[in-house]
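Here is a quick tour of charged pairs and nonpolar packing in one protein model. Have the structure open while you read.

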Amino acid sequence: IVTQGQSVTNGISAAIVSGTAQAVLFSAAGLPSGATASFSPTSCASACSTTLTIATLASTPSGAYTVTVTGAGGGITRTTTFLLTVTSPGTGTVLGNLAASMQPGEWRELVTNNWQNGQITNTPGRPLTGSIFEFTDEAQWDPVNRKLYIIGTALPYGYANQKWIEYSEATNSWSERVNPPFYIGFHSYDHAALDHSRGHYYVRVVDSRAVHRYSFATNQWTRLPDMPLDNVTCCGALEYFPEIDRVVFVDTFDGRFLLYNPSTNTWSVQSWQTPRSGPIGQIGDITEYDPVNGVIYFGGAWGPTIPATHELSKLDRFGRVTKLANSPVRLASDGSVQTVDPVSGKFLVMNPNGNTYEYDPVNNSWRIAGTHPLGNPSDQANFMAVAAKIPEYGVIMAASFSVGKVYLYKHSRR
């Protein structure tokens with residue numbers, strides 16, 4: 001994602017399949033008007049990597065574009081594609097102005113309309129104390145419609161206590177969307193994903209093989225073919241992976257990925273490519289897409305017979321799984337807030353103890369990066385907050401029912 005007039009980078013790798021190393025020359029096609037591409041280095045001897053920088057003008061048309069990168073060498077040519085989304089800067093909005101005024105490490109309250117101290121997240125079953133933020137840390141930012149989406153349910157369980165809400169940057173206001181015509185289950189966990197290039201919003205139903213897709217163009221819900229799960233558990237986690245154009249369901253109980261192809265309307269299965277000692281967990285699994293490094297972080301969770309885990313791994317565009325350094329605190333969608341800094345690609349955890357923990361993918365290490373204002377409850381399950389990255393502004397937007405406020409957080413300088 002890049003804002004008009006700015007630049008964005010993407011890492012490209014070349015690998016030897018057979019034979020000897022050859023020099024590979026890179027090129028890019030499919031750019032929108034006014035955009036240019038440069039590679040550093042322009043060529044390299046595989047196995048190697050290069051950094052693609054795409055620069056845009058203020059006049060570059062907004063929209064989604066499929067960019068094709070070609071590597072040629074030794075008489076062989078190979079291509080890969082990725083989605084480039086160009087967005088307008090949104091100047092003059094309350095969100096944009098606040099983000100532009102912030103310094104790295106700073107939290108600032110975003111005063112919004114109709115938030116009502118978080119009461120818009122209440123449901124009829126518990127009109128004052130219940131919130132759809134229970135047992136989830138999820139929110140999805142849509143850079144095309146400039147909106148934030150959150151879906152969830154609150155105790156007591158039931159369709160009447162389900163809500164889908166949105167925040168609009170244009171009006172700086174919160175509102176309720178029309179509820180889906182199906183019950184998503186007793187919590188939303190990490191079961192929502194957004195493909196902004198197609199305008200599709202995905203929701204997995206708890207304890208089932210069902211995933212539904214909403215089209216913002218037609219305002220219609222469609223149930224996908226059932227996921228090919230061996231064991232149906234409550235959780236797992238859902239995420240859209242732009243680099244491979246797949247919706248990824250991380251089935252941590254059976255140690256597999258389920259990959260949905262929007263073009264063919266089919267699922268495929270991929271097992272871990274690294275040995276594992278057993279299931280990571282059953283409840284509260286997490287996934288977070290990293291737009292800087294082009295990977296999905298996944299892990300966390302716990303279960304009746306599995307203690308709360310600190311385990312974190314990543315999935316790259318080639319299907320490779322890498323086990324990363326364990327988090328110093330538990331990872332779970334129902335007990336902390338996990339997100340990714342859209343500037344540095346560092347994985348962040350806002351824990352109920354009040355600290356923000358940072359995972360640095362370069363050094364494979366963790367540190368305490370500061371504190372956060374999202375609440376410090378004695379019961380981790382009552383840490384009712386969600387977060388989403390906003391790459392256009394280089395900030396994270398977080399909403400907390402526990403303290404009744406909405407915040408922006410700037411982790412790194414552009």
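## A buried lysine and its partner

Lys389 counts as buried, at 16% relative accessibility (buried is under 20% relative accessible area, exposed over 50%, partly exposed in between, with a 1.4 Å probe and protein chains only). Glu288 is buried as well, with a relative accessible area of 6%. Lys389 and Glu288 form a salt bridge, their closest N and O atoms 3.7 Å apart (a side-chain nitrogen of Lys or Arg within 4 Å of a carboxyl oxygen of Asp or Glu). This pair links distant parts of the chain: Lys389 sits in strand β30 (residues 385–390) and Glu288 in strand β22 (residues 283–290), 101 residues apart. Helices (H or I, at least four residues) and strands (E, at least two) are DSSP runs, numbered from the N terminus.

Keep in mind that this is a predicted model: local features need pLDDT of at least 70, side-chain atom pairs count only at pLDDT 80 or more, and totals for chains, interfaces and linings use all residues. Residues are numbered from 1 along each chain as its sequence is written, and side-chain values use heavy atoms, leaving out hydrogens and water.

Searching the whole structure turns up 16 salt bridges. One of them joins Lys147 to Glu166, with 3.2 Å between the closest N and O atoms. Lys147 lies in strand β11 (residues 147–153) and Glu166 in strand β12 (residues 162–168), so the pair ties together parts 19 residues apart in sequence. Lys147 is partly exposed at 22% relative accessibility, while Glu166 is buried at 8%.

Then there's Asp195 with Arg198, whose closest N and O atoms are 2.9 Å apart. Asp195 is buried at 1% relative accessibility, and Arg198 is partly exposed at 30%. Arg146, Glu169 and Glu392, for their part, are linked in a network of salt bridges.

## The nonpolar cores

What about the greasy side? The largest nonpolar core has 27 residues, and Phe133, Leu148, Ile150, Trp174, Met397 and Leu408 have the most contacts inside it (a core is a set of buried Ala, Val, Leu, Ile, Met, Phe, Trp, Tyr and Cys residues joined through side-chain atoms within 4.5 Å). The elements giving two or more residues to this core are α1 (94–100), β11, β12, β30, β31 (395–400) and β32 (405–410). Apart from it lies another core, of 17 residues, including Phe26, Phe39, Val69 and Leu84.

Trp174 is worth a click: not counting residues up to four places away in sequence, Trp174 touches several residues, among them Leu148, Ile150, Glu166 and Met397 (contact means heavy atoms within 4.5 Å).
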